[in-house]
Amino acid sequence: MPTYATADTGGTPAPTPGGTGTIDPSFLLATSNSVFVGSALQIRGFVANAAGQTVNIQSQVATGGWVSVATATADGSGNFSTTWYPPTAGEYQLRAALSGAQAADTTTASTSHAVRVYKRARASWYGPGFYGKRTACGKRLNRATTGVAHRTLACGTQVAIRYAGRSIVVPVIDRGPFSRGVSWDLTSATAKKLGITVTSRVGVAPIMLPLTAPAL
């Protein structure tokens, strides 16, 4: 089951997803594995026998189709490059495909590449005084429990958290935090794995977002 995140279209209709396509192992796509919202994701690649053709950079949507998020033009050697600014946090599956694909078309495409997009947010941590009690999601909290509290994300939603070069993926297990200006509350075990001892600024990326992503 592919992971995906949806783009913020600003209220305009979403583009029609392209067909699944035929994967060409020689059609190459390369990007960083992670980036922050608002930062440019550098994308480059190679496609044979396509000099001067437009290459669509596409993102997978919940239905399994693909929508274009950026374009590039292949040079005389088939190399292409472009940039994309991911609008929302999440985990995207990206691929490159030759231009002209419609919803029912098959098209030549590269293999997909996962990119995790983080959003900066403030996170606190909790635990002492709550050990042995059940969280709002029904999990009994102890010193070894990894997870995060959020005000609106569904219980069980997987969230990637990044801090000082470390990262971890944990589920939403509780509601909170209740401090102004803080968006996430990490369990003590989660905070320890990341090296967090005080309220800190972290990167967060909910994974397996629904079609309409909640505000972070």
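A charge sits over a ring if CZ of Arg is within 6 Å of the ring centre and within 35 degrees of the ring normal. Arg-120 meets that rule: it lies over the face of Phe-36, at 3.9 Å from the ring centre. The model is predicted. Its chain has 216 residues, with 1 helix and 15 strands.

**Confidence**
- The chain averages a pLDDT of 86, and 83% of the residues score at least 70.
- Residues 1-18 stay under 50 in pLDDT. The model gives this stretch 45 contacts beyond four places in sequence.
- Residues 209-216 are also below 50. That stretch has 19 contacts beyond near neighbours in sequence.

**Overall build**
- Buried residues make up 44% of the chain.
- Among contacts with a separation of 6 or more, 70% join residues 24 or more positions apart.
- The accessible surface is about 10,700 Å². Carbon and sulfur atoms hold 51% of that surface.

**Aromatic pairs**
- The chain has 4 aromatic pairs.
- One of them is Phe-27 with Phe-80, edge-to-face, at 6.3 Å centre to centre and 90° between the planes.
- Phe-27 lies in the loop between β1 and β2, and Phe-80 in strand β7, so the pair ties together parts 53 residues apart in sequence. Both residues are buried.
- Phe-36 and Tyr-118 form a tilted pair, with 5.9 Å between centres and 40° between the planes.
- Phe-36 belongs to strand β3 and Tyr-118 to strand β10, so this pair links parts 82 residues apart in sequence.

**Burial around Phe-36**
- Phe-36 has 17% relative accessibility, so it counts as buried.
- Tyr-118, its ring partner, is buried at 4%.

Terms used:
Residues are numbered from 1 along each chain as its sequence is written. This is a predicted model: local features need pLDDT of at least 70, side-chain atom pairs count only at pLDDT 80 or more; totals for chains, interfaces and linings use all residues. Side-chain values use heavy atoms; hydrogens and water are left out. pLDDT is the predictor's confidence in each residue, from 0 to 100. Contact means heavy atoms within 4.5 Å. Helices (H or I, at least four residues) and strands (E, at least two) are DSSP runs, numbered from the N terminus. Buried means under 20% relative accessible area, exposed over 50%, partly exposed in between (1.4 Å probe, protein chains only). Accessible areas come from the Shrake-Rupley method with a 1.4 Å probe; for residues, only the protein chains shown count as cover. Rings of Phe, Tyr and Trp (its six-membered ring) pair if their centres lie within 6.5 Å; planes under 30 degrees apart count as stacked, over 60 as edge-to-face and the rest as tilted.
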